[in-house]
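Subject: Structure for you to look at

Hello,

Here is the structure I said I would pass on. Please open it first and keep it beside you while you read the notes below.

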Amino acid sequence: MNPHSLQRIGVVGTGAMGQGIAQIMAQAGLNVLLFDAREGAASAAREQLAATFAKLQEKGRITPQAASEALEHLQVVNSLQALAGCQLVVEAIVENLEVKQGLFRQLDELLDQTTVLASNTSSLSITAIASVCKHPGRVAGLHFFNPVPLMRLVEVIGGIATRPDVIEQLQALVKRVGHYPAISKDSPGFIVNHAGRAFGTEALRMLSEGIAPVALIDAVLRDGAGFRMGPFELLDLIGLDVSLPVMESVYRQFYEEPRYRPHPLLQLMQAGGHLGRKSGQGFYRYEGKGAAPRWVQPVPQCPQLPPVWVAGDDDIGRTRLLALLEHLGAEIERGPHPSAEALCVLASLGDDTAESALRHDTDPARTVAIDTLLELDSLRCLMVSPATRMDMQNAAHALFSADGGTVAMIRDSCGFIVQRTLASIVNLACDIAQQGIASVADIDMAVRLGLGYPQGPLAWGDQLGATRLLQILQRMHDLTGDPRYRPSGWLRRRARLGMSLCQPENLMPA
Ligand code: NAI
């Protein structure tokens, strides 16, 4: 079938999402029929869109002709029967399986069987929605993100009965409206809401382990790892009323897979009405429209710095650390063992400082560990063991701040802040690739566009080094006993064979 045959589109449910979907389709020259069960809602949506087109014209983003043509492409209809003649109907009604099934049953009966039926659901199974239809092959997911015109990603989801040509038609349509179609299997959270589970849940684990306050964890991930927002800022922005049901739903749908496990703290916060920005209090307190507070750790005075002895778990980390210490003008001990005065700095991967001190045979009272997964130019994260003396902590803090760089001091935990977060994100993406939920290219693109991460997780994993990430996960798994850190087979095999994480399987699935 000609992919451009999807020319006449019905949109059912003209709330926030339905309007956005209608907008980009009308702007792409498609004829859109708007229907909503609530009287007057579809007309109000058309009026709202007329105002949007006028505003875009005013700002010079579209020509007056494009504005009037887009509006002409929008037509309000008062019944589902009026959608006959559409080649595609996109549903964007309430997120409730029975209600959606009720609508799809009606559409399946009313509309010619060549009409493609798509749901914008973000959490329900496409297969379950299609199961009430006589022709489930024509049902697919078309998951847009909010706000639709700005979020250029659409997950195109095939249920177990969806016909391949339906996916192809939807893929072509998404490209036609200028968005990126990421093809996903019908799997809990599809790609984005699945891949996004590591960031927040790992931050909650760190908080519960008491290794650092909220603002410090956010700052390290934002300023040290390049995320636009820290995980707690993000949770506050989305609101717990929205994010907690998604977390719980993905966790339950995967039969309580520990990788997706939320944290009981969220239940407590929800019960106390600490939903985030919208309630004035979440992980941060919001006065007026004020931003989340920044984090400050004052640099201690330390006129007499001790010599420094260095060890590391790999060459990259050790080299990075030595280069920084030379730049800072530190007195570096080069002997095989530290002197009795030396501050011992360990470039550890996956260990906590206590374990790292034992591994490298250093005095825990004089040992700190430093995260060298990333470059050390912007931010240095130092981790102390429970035995590290205060004077040694202060000396390390002062030394690593000597060039004006920012130092984050944290308590002992396996894998620092950045290592454990990035290793978890990459590991999860590897698992998604292993399960064949989406292609490597679509996983990376969906995460970049849908979650705004600085890189796609698989390409990022290659850049960080799959072998280093594997070591981090293996040690975290060994030391914590928590199965959430078990390395994905996709990651382990590629790391062990020295292959790229972006390398798909050579053998085609049977
Ligand atoms: P909304 O509440 O703004 O709009 C829903 C609209 O559907 C309302 O106008 C309502 O009158 C209408 N409606 C309800 N039941 C209906 C029925 N049986 N027949 C026809 N119209 C009906 O909701 P929103 O935010 O636009 O979400 C719609 C869908 O999109 C949900 O399934 C949601 O999960 C999904 N979604 C929402 C995102 C978001 O950020 N809001 C992001 C991605 C997906």
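One definition is needed before the notes: an angle of 65 to 115 degrees between two axes counts as roughly perpendicular. Please also keep in mind that this is a predicted model.

Helix pair

Two packed helices are described by the angle between their axes and the distance between the axes. Here the pair is α16, residues 418–434, and α19, residues 466–480; they pack at an angle of about 105°, and their axes are 10 Å apart. By the definition above, α16 and α19 are therefore roughly perpendicular to each other. On the α16 side, the contact is made by Gln 419, Arg 420, Ala 423, Val 426 and Asn 427. From α19 come Leu 469, Ile 472, Leu 473 and Met 476. Sorted by class, this contact between α16 and α19 has six nonpolar residues, two polar ones and one charged one.

Ligand

Which residues come nearest to the ligand? They are Met 17, Asp 36, Glu 95, Lys 100 and Asn 120, out of 18 residues around the ligand. The shell around the ligand has eight nonpolar, six polar and four charged residues. At least two residues of this shell are supplied by each of α1 (16–27), α4 (97–110) and β6 (139–144).

- Asp 36: a polar side-chain atom lies 2.6 Å from an oxygen atom of the ligand.
- Ala 16: here a backbone N or O atom is 3.1 Å from an oxygen atom of the ligand.
- Ser 122: a polar side-chain atom lies 3.5 Å from an oxygen atom of the ligand.

On its own, the ligand has 830 Å² of accessible area, and the protein covers 72% of that.

Backbone details

Where is the cis peptide bond that joins an asparagine to a proline? The bond joins Asn 146 and Pro 147, with omega at about -5°. Pro 147 belongs to the loop between β6 and β7 (153–158). Strand β6 was named above as well, as one of the elements that supply the ligand shell.

Two residues have a positive phi without being glycine. Glu 256 has a phi of about 60° and is found in the loop between α11 (240–253) and α12 (264–271). For Phe 416, phi is near 50°.

Regards

Technical notes. Residues are numbered from 1 along each chain as its sequence is written. This is a predicted model: local features need pLDDT of at least 70, side-chain atom pairs count only at pLDDT 80 or more; totals for chains, interfaces and linings use all residues. Side-chain values use heavy atoms; hydrogens and water are left out. A residue is near a molecule or strand if one of its heavy atoms lies within 4 Å of it. A polar contact is a pair of N or O atoms within 3.5 Å; within protein, one must be able to donate a hydrogen and the other to accept it, and residues adjacent in sequence count only if both atoms are side-chain atoms. Accessible areas come from the Shrake-Rupley method with a 1.4 Å probe; for residues, only the protein chains shown count as cover. Helices (H or I, at least four residues) and strands (E, at least two) are DSSP runs, numbered from the N terminus. Ala, Val, Leu, Ile, Met, Phe, Trp, Tyr, Cys and Pro count as nonpolar, Asp, Glu, Lys and Arg as charged, and the others, Gly among them, as polar. Axes are lines fitted to C-alpha atoms, for helices over the stretch in contact, and angles run from 0 to 180 degrees between N-to-C directions. Angles under 35 degrees count as roughly parallel, over 145 as roughly antiparallel, 65 to 115 as roughly perpendicular and the rest as oblique. Contact means heavy atoms within 4.5 Å.
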